[in-house]
Amino acid sequence: MKRTALPRFGKGVKLRHDGNGSVMLLIPEGALVLNASAAAALELVDGARPLAEIITAVAERFDVSADHAREDILALFERLEQRGLVQ
Amino acid sequence: MSAPRPLSLLCELTYRCNLQCPYCYNPLDLRSYRDELTTEQWSRVLQQAADLGVVQAHFSGGEPTLRPDLVALVEAAAACGLYTNLITQGTFLDDVLLDRLVHGGLNHVQISIQAPQAALADRIAGAIVHDKKLEALRRVLSRDVALTLNCVLHRLNHDSIEEVIEYALRLEIRRLELANVQFYGWAYRNRTALMPTLEQVRHGEQVVAAARERLRGAMEIVYVLPDYFGDFPKPCMNGWGRQFLTVTPNGYALPCPAAAAITTLAFENVRDRSLQEIWRDSAAFERYRGTGWMPEPCRSCERRELDWGGCRCQAYLITGDAGVTDPACSLSPDHASIASLREGVSEPVYRRA
């Protein structure tokens, strides 16, 4: 997925916040438990925000370098895109 | 041991069905399940499941669209914050019903076909329904709801596995489940009619591996391995009483949809006790939870928390003892019986009440 892409969730994909602070991505016939940075990135997915902006926001929130955040987040979106969970 | 958090509830709303597929996993004594839970009882079960931590509700059967309150139950599940999945053969999924379901909060639909060719599909289903399913698939694709196409594979249709993939591709289906038949209920009764040949199984593996590579990013193919052909058993339900709950049409709570076959366990009914109580401390759920119940060779096996000893229902069906290692495991002392179960050929017996 390109950094200029405007990611949105595929059909039947929903973020779910539990009372205890954990975040899951509910998908057709399954659920993915998200770590904090993946949850922070996916909370920003709305079909209008560019991927580059999501990367910057997560890097700031977790106080890591943009390069470090970019690598992790691009890999996450790549995996989700392959499964049709993010477009 | 203390009960873990269940994630998934399978609501078997009814065992009634207008098809007669011989590979159905429903129990043989379909008439025993006619006293179905009411809308209010199901709604209470859904709330209790959500309170237990369940995140997904699967509506299945039988054919769940035969329940006139299906829309109300999807709405009830959505109101509890549950992700909702409808598992259907699609023959009643017209525009009106589908729109009401999607409006009510339905997230995902799984529609099954019996084969990619109408004549073969209708022969397996025991009814003329294949063309209606195609209409239902197109309908779901045009709505804001996710779709999985499912085809259960067995000896009668295994040679069409490539055509199933082509069928899904033509419709631009994003998610395809190719599920080798699992031998429970009617399928266990029909095992000699349904058992794939070793050649079919090996060919299927090659076709799926190649298709996954070729269709990467375009179609996800979920492949359910055949039960009787591997060295190790499936991690059935990811462990007994660990993540999954099933409630039968007449209200029995089970750790697995095939568990009613285990007559040595006394399962409890949601009409008598809450789902929370049953999940947390009923003897039947506790019996095979975790690893403490395991005999050898499971007890000291390094895979014991990978496959959880395999399937309790399969162990019971094949050996008469639900508490032994799944005979599908090559380390099981009963493994030789798997080879004999693979033998024999018969005509299928169609499912009927």
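Helix α2 of chain B is followed by B:G81, whose phi is positive, near 85°. Helices (H or I, at least four residues) and strands (E, at least two) are DSSP runs, numbered from the N terminus. This is a predicted model, in which local features need pLDDT of at least 70, side-chain atom pairs count only at pLDDT 80 or more, and totals for chains, interfaces and linings use all residues. Residues are numbered from 1 along each chain as its sequence is written, while chains are lettered from A and ligands numbered from 1 in the order in which they are written.

**Helix α2 of chain B**

- Helix α2 of chain B spans residues 70-79, and its buried residues are B:L70, B:L73, B:V74, B:A76 and B:A77. A residue is buried if 20 or more other C-beta atoms lie within 10 Å of its own, exposed if 12 or fewer, and partly exposed in between, with C-beta atoms placed from the backbone.
- Seen down the axis of α2(B), these buried residues fall within an arc of 160°, so they line one face of the helix. The arc is that of the directions from the helix axis to the C-beta atoms.
- An α-helix has 3.6 residues a turn, so residues three or four places apart point the same way.
- The cover over the buried residues of α2(B) includes α1 (39-52), β2 (56-60), β3 (83-88) and α3 (95-103) of chain B.

**Chain B as a whole**

- Chain B contains 14 helices and nine strands.
- Of its 353 residues, 48% are buried.
- Residues 24 or more positions apart account for 72% of the contacts in chain B with a separation of 6 or more. Two residues are in contact if their C-beta atoms, placed from the backbone, lie within 7 Å.

**The largest nonpolar core**

- This core has 110 residues, of which B:F59, B:L149, B:A187, B:A261 and B:C313 touch the most other members. A nonpolar core is a set of buried Ala, Val, Leu, Ile, Met, Phe, Trp, Tyr and Cys residues joined through C-beta atoms within 7 Å.
- Strand β5 (residues 146-153) of chain B gives the most to this core, with six residues.
- Leaving out residues up to four places away in sequence, B:L149 touches B:I111, B:I113, B:L137, B:A168, B:I173 and B:L176.

**Chain A and its contacts**

- The average pLDDT of chain A is 92, and 100% of the residues score at least 70. pLDDT is the predictor's confidence in each residue, from 0 to 100.
- In chain A, 13 residues are in contact with 16 residues of chain B.
- The elements that give two or more residues to this side of chain A are β1 (14-17), β2 and α3 of chain A.
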